[in-house]
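Please look over the sequence and the model below before reading on.

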Amino acid sequence: MSFPTDFLWGAASAAYQIEGAASEDGRGPSVWDTFSHTPEKTFDGHTGDIACDSYHRFEEDLEALKLLGVKHYRFGISWTRIFPDGRTFNERGFAYYDKVVDLLLQNGITPWVTLFHWDTPQALEDEGGWQNRETARLLAQFAGVVAEHFHGRVYHYFTLNEPQCFIGLGYEAGWHAPGKTLSGAPLLTCWHNAMLAHGMMVQAVRKADPSAQIGLASCGLGCVPERESEADIEAARTAMFSFGAYGNFTLFSQNAFLDPALFGRYPDHPFFDSPEITKEDLAIIQQPIDFIGLNFYNAYVVRAGKNGPEQVPFYRGSPTTALRWAITPTMMHYCTKFIYERYQLPVYITENGLSCNDKVYLDGKVHDPDRIDFLQRYLRELKRAGEDGVDIRGYFHWSLIDNFEWADGYKERFGLFFVDYQTLERQPKDSAFWYRSVVETNGENL
Ligand code: NOJ
């Protein structure tokens with residue numbers, strides 16, 4: 001069996017992680033500007049001020065996409081370029097994205113726009129950020145303005161990228177911007193406002209462009225069975241959707257986002273018991289969408305125990321990436337399948353990849369066999385998901401080029417292309433040529 005003939009191959013990025021040009025053409029500061037400029041918040045004080053300078057070098061990113069032969073590019077539009085303080089419109093902010101979209105289209109590459117990849121305007125954060133419902137309304141307004149602007153040119157949108165991380169890491173764990181450590185009711189307020197933003201954004205985009213396809217990009221706890229037995233598979237499925245059962249922070253859960261967005265209800269857990277959550281709000285959150293995007297990196301291994309699912313500890317020396325994330329390829333099969341069976345919508349892998357300690361070798365090339373091996377394992381399992389009946393439509397590699405990895409700064413390299421941060425030159429790694437052959441053969445070479 002193969003990938004379907006119309007399977008989409010792509011690559012992904014996000015505005016703050018690649019663009020730089022932090023204060024050009026009227027862009028306002030976002031929470032990530034503030035956070036990265038606060039001592040000791042990011043690795044070695046790294047910021048996105050310059051990042052990969054994609055704002056001035058999109059033509060080079062385009063060459064990278066062309067070398068890969070991908071026909072789809074997922075990228076972000078920065079909220080604070082278009083609304084520098086969240087409220088005031090800045091027409092100039094569109095110039096860069098007009099160029100990006102037009103060049104992509106001229107080269108037969110379909111733009112997939114992420115509307116929110118964590119860059120809340122600092123001015124709104126000063127009014128409470130995600131603790132304030134107004135943030136949701138203003139984000140939806142931005143989404144509508146973008147969809148109207150690109151009507152006839154962009155047909156694919158993602159609302160929120162990983163609320164599990166921008167709320168979970170940003171407002172619960174405090175590791176990401178804005179660095180808050182809330183719990184209980186105030187944390188739920190942030191979460192609920194983010195969910196409302198998703199629903200309102202879907203409404204705003206549909207209103208601006210009824211022909212647009214809209215989805216979301218979710219992450220969260222993934223669980224894979226230890227053995228391929230019915231009992232372990234069921235244990236993994238149950239564990240994956242048990243809110244708050246595992247992990248470092250409560251909100252790292254797929255169903256905390258997908259249940260309200262698709263079923264109009266929150267998981268059955270005391271965290272969500274609150275008079276703040278009304279039927280009317282849930283109706284706003286539950287909007288028809290066209291697809292689910294999944295950002296898949298690593299999972300827990302689970303088995304059936306006497307008292308329900310049990311997490312299987314990773315054995316000493318088990319494989320990890322440079323970020324020390326476990327390498328768990330079967331998640332591409334099982335977790336995709338669990339999501340598809342539960343929510344019954346077409347699925348795209350909107351992110352997958354790994355950080356390696358990439359460098360330029362003596363021969364002047366960037367050899368990254370670890371990335372190739374990782375991808376080969378993960379993509380084989382994705383193929384298996386398709387064979388197993390999952391409506392899997394496409395795969396976007398994270399990331400096109402090395403970039404600003406949030407609190408880890410430039411220490412981590414996720415790209416298929418190496419970025420020399422002194423010269424800002426991009427150079428294909430071995431994996432770029434390898435991925436090109438995957439794209440060319442529609443995965444037949446895996
Ligand atoms: C999740 C995020 O969407 C992206 O911004 C980040 O760089 C990658 N995963 C890797 O951590």
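A residue is called buried when its relative accessible area is under 20%, exposed when that area is over 50%, and partly exposed in between, as found with a 1.4 Å probe on protein chains only. The model is a predicted one, in which local features need pLDDT of at least 70 and side-chain atom pairs count only at pLDDT 80 or more, while totals for chains, interfaces and linings use all residues. Residues are numbered from 1 along each chain as its sequence is written, and side-chain values use heavy atoms, with hydrogens and water left out.

With that scale in hand, consider Glu162, which counts as buried because its relative accessibility is 7%. Although Glu162 is not a glycine, its phi is positive, at about 45 degrees. Glu162 sits in the loop between strand S4 (156-161) and helix H8 (163-166), where helices (H or I, at least four residues) and strands (E, at least two) are DSSP runs numbered from the N terminus. Gln344, another residue other than glycine, also has a positive phi, near 55 degrees, but Gln344 is exposed, with a relative accessible area of 53%. The loop that holds Gln344 lies between H14 and strand S10 (347-351).

Helix H14 itself covers residues 331-343 and includes Thr336. Which residues does Thr336 contact, leaving aside its neighbours within four places in sequence? They are Leu294, Phe296, Met331, Val347, Ile349, Leu382, Ala385, Val390 and Ile392, where contact means heavy atoms within 4.5 Å. Thr336 counts as buried, because its relative accessibility is 0%.

The interior can also be described through its nonpolar cores, each a set of buried Ala, Val, Leu, Ile, Met, Phe, Trp, Tyr and Cys residues joined through side-chain atoms within 4.5 Å. In soluble globular proteins, nonpolar side chains tend to be buried together. The largest nonpolar core here has 146 residues, of which Trp9, Trp130, Tyr157, Ile167, Tyr395 and Tyr435 touch the most other members. Helix H10 (residues 184-208) gives the most to this core, contributing 14 residues. Apart from this core lies another, of 12 residues, among them Leu8, Ala14, Phe396 and Trp398.

Helix H10 also packs against helix H12 (residues 254-263), their axes coming within 10 Å and crossing at roughly 45 degrees; axes are lines fitted to C-alpha atoms, for helices over the stretch in contact, and angles run from 0 to 180 degrees between N-to-C directions. H10 and H12 are therefore oblique to each other, since angles under 35 degrees count as roughly parallel, over 145 as roughly antiparallel, 65 to 115 as roughly perpendicular and the rest as oblique. Where the two helices meet, Trp191, Met195 and His198 in H10 touch Ala256, Phe257, Pro260 and Ala261 in H12.

Two peptide bonds deserve a look as well. The bond from Ala177 to Pro178 is cis, with omega near 5 degrees, and Pro178 is found in the loop between helix H9 (168-173) and H10. Trp398 and Ser399 are likewise joined by a cis peptide bond, with omega about 10 degrees.

Finally, a search of the whole structure finds zero disulfides, a disulfide being a pair of cysteine sulfur atoms within 2.5 Å. Cys165 is in no disulfide, and the nearest cysteine sulfur, that of Cys219, is 3.9 Å away. The sulfur of Cys356 is 16 Å from the closest cysteine sulfur, in Cys52, which is too far for a bond.
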